[in-house]
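Hi everyone, thanks for making the time. I'd like to walk you through a structure I've been looking at, so let me put it up on the screen.

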Amino acid sequence: MSANITYLRLMLRGTFSLLKLLATNPGDLRKLKERSEAAGERYVRPPRRYELPAYDPSMKIAPRRQRYLRPTRFCNPYTPQVMALAHSLGAFRLQPRQYAKAAFAFAKEKLYLEICPFDEVDLTLQRGAGTCFHLISVFIALCRAAGIPARYKMFSTTMIQAWRSALVDQDPMVKKWYDSLGYFMIEGEGEAFVDGRWTVAHVGPTAERQASAGLPITRFGEDALGLWFFAVPGTLMIMESVPLGLGRGSHFLQRIAPGSLERVNLGVLAQSEAGLKVLAAAGGVEAYDRKVRMAMGPEVPTLELEEKKGIVFAE
Amino acid sequence: MAISYAEYMELFDKRVAAYIPPLESWSPVEKAIYGIPDPFHLPPEVAQRLQFEALSFTFRHHFQKNAYYHKLCLERGFTPEELKGPDDLERIPLLPDRFFKEYPAGRDFAMWLANVMTGDLPKIVIKEKNPSYDQVIEAFQQAGITVCFSSGTSGRHTFIPRDERTFNLSEYAITKGAVAIGYPGWSPEMKGYLMMPNPRKTHLFAGRVAMIYFDTISEVTVAIDREVSVDLLAKAMGADRSLAGRIVQYASRKTEKRMVEKIIAWLEYHQEKTQDVLTLVGAPYLLAGVLEQLEADGKRLQMGGRAGVATGGGWKIQEGRRIPSEQFRAWVEERLGIPPKDCIDVYGMVEGNGWMTHCPEGHYFHIPTCYFKPMVLDKEFKPLGFGQWGRFAFLDAAALSYPGFMVTGDLVKMLERCPVCDRTGPVLEPEVRRAVGEEMRGCGEEVRNLVSSDLGN
């Protein structure tokens with residue numbers, strides 16, 4: 001319930017901020033739609049990085065009615081495409097953790113980031129690209145299809161400059177919106193329940209995008225929070241489903257600001273290209289990751305929150 | 001006749017007796033902090049013995065009573081049984097300072113603090129269903145645990161819980177260092193101006209740390225005498241762009257000018273009407289505002305010989321502008337008449353209790369090695385020798401309520417001994433930098449943000 005209230009508060013604040021910006025900068029409204037005519041400045045989606053496996057009706061199905069396993073908004077794990085992919089990644093064959101890692105690697109490294117309106121996981125898989133929420137939904141759907149409970153973790157966030165340069169500063173209006181709010185309205189991660197605990201999966205950035213910002217390549221179980229995202233206190237939300245309104249909001253944005261979204265997508269492509277050069281110069285993903293992690297110093301140990309005698313929560 | 005050093009420190013210890021536990025309860029940590037006459041004049045072999053005994057005690061304490069640190073030690077393959085001599089100290093597993101920035105919200109924040117802490121907790125009652133950071137901090141305070149926070153420009157705070165024992169050790173250590181190095185300059189009759197938030201009204205470390213200042217001298221006037229909560233700080237830092245945030249920022253701009261005027265009025269009053277000996281303690285940025293205002297008004301005060309300055313938090317006066325400490329001291333002398341030898345800086349951080357204090361002669365940071373082991377690490381996080389720039393890390397024996405074995409985001413250069421004065425032990429070069437990729441931070445930066453874009457910034 002409190003997650004819904006937090007979400008509602010964020011949506012209202014974000015929408016108000018955007019409407020205020022549009023009202024006070026009417027000239028900018030036209031720029032939101034404007035697309036460049038130059039060929040090199042139009043966004044062209046890169047080719048999909050994988051083939052979709054064939055579906056077989058005999059494929060095993062996970063229980064569909066339990067919380068965190070059932071289909072939710074924009075995330076149906078029981079479509080033929082999702083189930084076929086889940087089985088090809090090792091659903092019901094691998095141990096849950098190993099399978100979740102495989103699903104994580106797929107969602108993180110095989111899909112491109114592309115700012116586009118919300119739609120179903122099937123369509124994301126066909127396209128091979130989507131927003132971070134599309135990618136998270138792919139991860140969650142793959143987990144649920146294999147009987148592993150999975151959910152969304154959402155928050156408003158500030159971010160390191162390198163990330164901001166690629167995602168926010170590409171378009172003046174997006175930048176103004178970010179500056180006006182003081183943070184990025186909504187960002188997310190997935191969480192899968194394996195080995196008795198919820199394990200975070202940050203599938204948003206590919207290795208090359210992370211390399212372009214000098215970040216280590218995220219592993220299953222590693223959080224973006226504290227590294228390149230910094231959650232605005234009080235905005236963390238755990239949800240089973242993509243909340244109501246986010247989908248409509250994304251369609252509305254696409255309608256009023258196709259030019260802005262295209263510029264952000266071009267920024268993402270440029271970020272990926274730059275990152276590929278960084279990876280090549282470092283001698284590959286693993287060598288790059290080793291070097292960056294070494295420079296970051298000791299790893300941050302995971303703090304498991306255990307019951308402690310002394311703390312009393314009044315009812 | 002000048003007071004002897006022994007009498008001087010006896011007087012100091014009497015003044016701050018409330019911070020010193022009974023002798024019979026002292027562990028090697030207390031012995032290394034309360035039991036020595038001067039942390040900066042110990043024979044090296046004595047400092048090394050005290051340091052080893054204190055750190056062995058603290059390392060064993062965390063290994064035995066802190067679940068995550070115990071696990072970390074096992075993962076890194078180093079346990080108290082393997083700590084056999086001073087050479088082994090560098091093998092003690094270190095935590096990155098980022099560890100204390102990764103915390104959840106609400107009741108989980110209370111659980112996080114409880115899990116970060118070493119040992120048993122007193123009873124802490126969290127009444128709210130979805131408590132704010134401030135409410136959790138207050139609940140811990142009610143139970144005698146001081147949770148201090150700091151933050152970077154992103155608004156991500158560092159939270160450190162100190163029980164009474166650790167807090168008192170830290171308070172005593174910072175003051176003893178400054179009093180010892182300033183011998184015979186301190187007197188309990190002194191009057192002071194605290195250019196930071198009122199320690200009784202904030203848990204911001206760049207304020208709370210000065211609690212002992214009130215017990216050390218006869219009278220303290222506070223520059224920022226209002227509640228400074230986590231929430232208010234977020235608004236003042238600009239992280240909160242809501243209407244409330246903007247109102248706080250606007251109010252800050254309105255009050256800062258008055259703050260500087262009050263400090264100048266206080267200085268002028270004492271120059272003209274009293275013979276009191278004065279101290280100015282706090283953020284260099286606020287003092288820089290005073291100096292700027294005096295410059296704008298064409299005023300020069302003559303406080304030399306009866307006033308001293310102790311700053312903390314670095315020299316980040318404006319974004320992208322850095323004032324070297326030497327230049328700052330010259331400016332202080334020009335506008336306040338206080339000579340550079342009476343203008344010192346203290347380097348420390350919310351995560352630690354080791355306070356490195358400028359010597360008046362050379363303004364190198366002297367390190368209290370009797371309980372605090374400094375290290376400088378290379379890019380692969382291996383210890384470097386003296387005379388090289390690297391990342392600052394430390395083993396802090398005074399951190400008993402949390403593991404204070406840490407790698408920081410600061411770049412320092414450590415020398416085997418001070419090139420200028422005769423104090424013993426290693427020193428840090430006067431300027432401390434931030435490592436590339438680390439957020440700009442420091443107490444001075446927080447106060448700078450707190451008073452917002454003040455003083456014509």
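Let me start with a question: at roughly what angle do the axes of helix α11 (residues 258-282) of chain A and helix α12 (residues 285-296) of chain A cross? Before I answer, please keep in mind that this is a predicted model. The axes of α11(A) and α12(A) cross at roughly 85 degrees, and they come within 7 Å. The two helices, α11(A) and α12(A), are therefore roughly perpendicular to each other. If you want to find the place on screen, look for Val278(A), Leu279(A) and Ala282(A) on the α11(A) side. In α12(A), the residues they meet are Val285(A), Ala287(A), Tyr288(A) and Lys291(A).

Now let's step back to chain A in general. Chain A holds twelve helices and eight strands. It has 315 residues, and 43% of them count as buried.

Phe74(A) has a positive phi of about 60 degrees, although it is not a glycine. You'll find Phe74(A) in the loop between α2 (26-33) and α3 (80-89) of chain A. Asp195(A), also not a glycine, has a positive phi, near 50 degrees. Asp195(A) sits in the loop between β4 (184-194) and β5 (197-201) of chain A.

So which of these two is buried and which is exposed? Phe74(A) has 21 other C-beta atoms within 10 Å, so it counts as buried. Asp195(A) has 10 C-beta neighbours inside 10 Å, so it counts as exposed. The cut-offs behind that are 20 or more for buried and 12 or fewer for exposed.

On to chain B. Chain B has 14 helices and 16 strands. Of its 457 residues, 53% count as buried. Running the contact count on chain B, again for residues at least 6 apart in sequence, 71% of contacts join residues at least 24 apart.

Let's look at some strands. Strand β13 (residues 389-396) of chain B has seven of its eight residues buried, so it is largely enclosed by the rest of the structure. What does β13(B) pair with? One partner is strand β12 (residues 372-377) of chain B, which runs antiparallel to β13(B) and is joined to it by six bridges. Within that pairing, Phe392(B) in β13(B) stands opposite Val376(B). Another partner is strand β14 (residues 405-415) of chain B, also antiparallel and also over six bridges. There, Gly390(B) has Val412(B) of β14(B) as its bridge partner.

In soluble globular proteins, nonpolar side chains tend to be buried together. Here the largest nonpolar core has 132 residues, and those with the most contacts inside it are Leu113(B), Met195(B), Ala223(B), Tyr371(B) and Leu428(B). Helix α7 (residues 164-181) of chain B gives the most to this core, with eight residues. Apart from that core lies another one, of 66 residues, and our friend Phe74(A) is among them, along with Phe139(A), Val194(A) and Phe220(A).

As for Tyr371(B), its contacts beyond four places in sequence include Val29(B), Ile33(B), Leu50(B) and Ala397(B).

One more helix pair for comparison with the opening. Helix α12 (residues 284-296) of chain B packs on helix α13 (residues 325-336) of chain B at about 45 degrees, with the axes 10 Å apart. That makes α12(B) oblique to α13(B), and the crossing is left-handed. Among the residues that meet there are Leu291(B) and Leu294(B) in α12(B), and Phe328(B) and Trp331(B) in α13(B).

Last stop, a detail of the backbone. Which peptide bond in chain B is cis? The bond from Tyr183(B) to Pro184(B) is cis, with omega near 0 degrees. Pro184(B) is found in the loop between α7 and β5 (191-197) of chain B.

Note on methods
Residues are numbered from 1 along each chain as its sequence is written. Chains are lettered from A and ligands numbered from 1 in the order in which they are written. This is a predicted model: local features need pLDDT of at least 70, side-chain atom pairs count only at pLDDT 80 or more; totals for chains, interfaces and linings use all residues. Helices (H or I, at least four residues) and strands (E, at least two) are DSSP runs, numbered from the N terminus. Two strands pair if DSSP finds at least two bridges between them. A nonpolar core is a set of buried Ala, Val, Leu, Ile, Met, Phe, Trp, Tyr and Cys residues joined through C-beta atoms within 7 Å. Two residues are in contact if their C-beta atoms, placed from the backbone, lie within 7 Å. Axes are lines fitted to C-alpha atoms, for helices over the stretch in contact, and angles run from 0 to 180 degrees between N-to-C directions. Angles under 35 degrees count as roughly parallel, over 145 as roughly antiparallel, 65 to 115 as roughly perpendicular and the rest as oblique. A crossing is left-handed if the near helix is turned anticlockwise from the far one by less than a right angle, and right-handed if clockwise.
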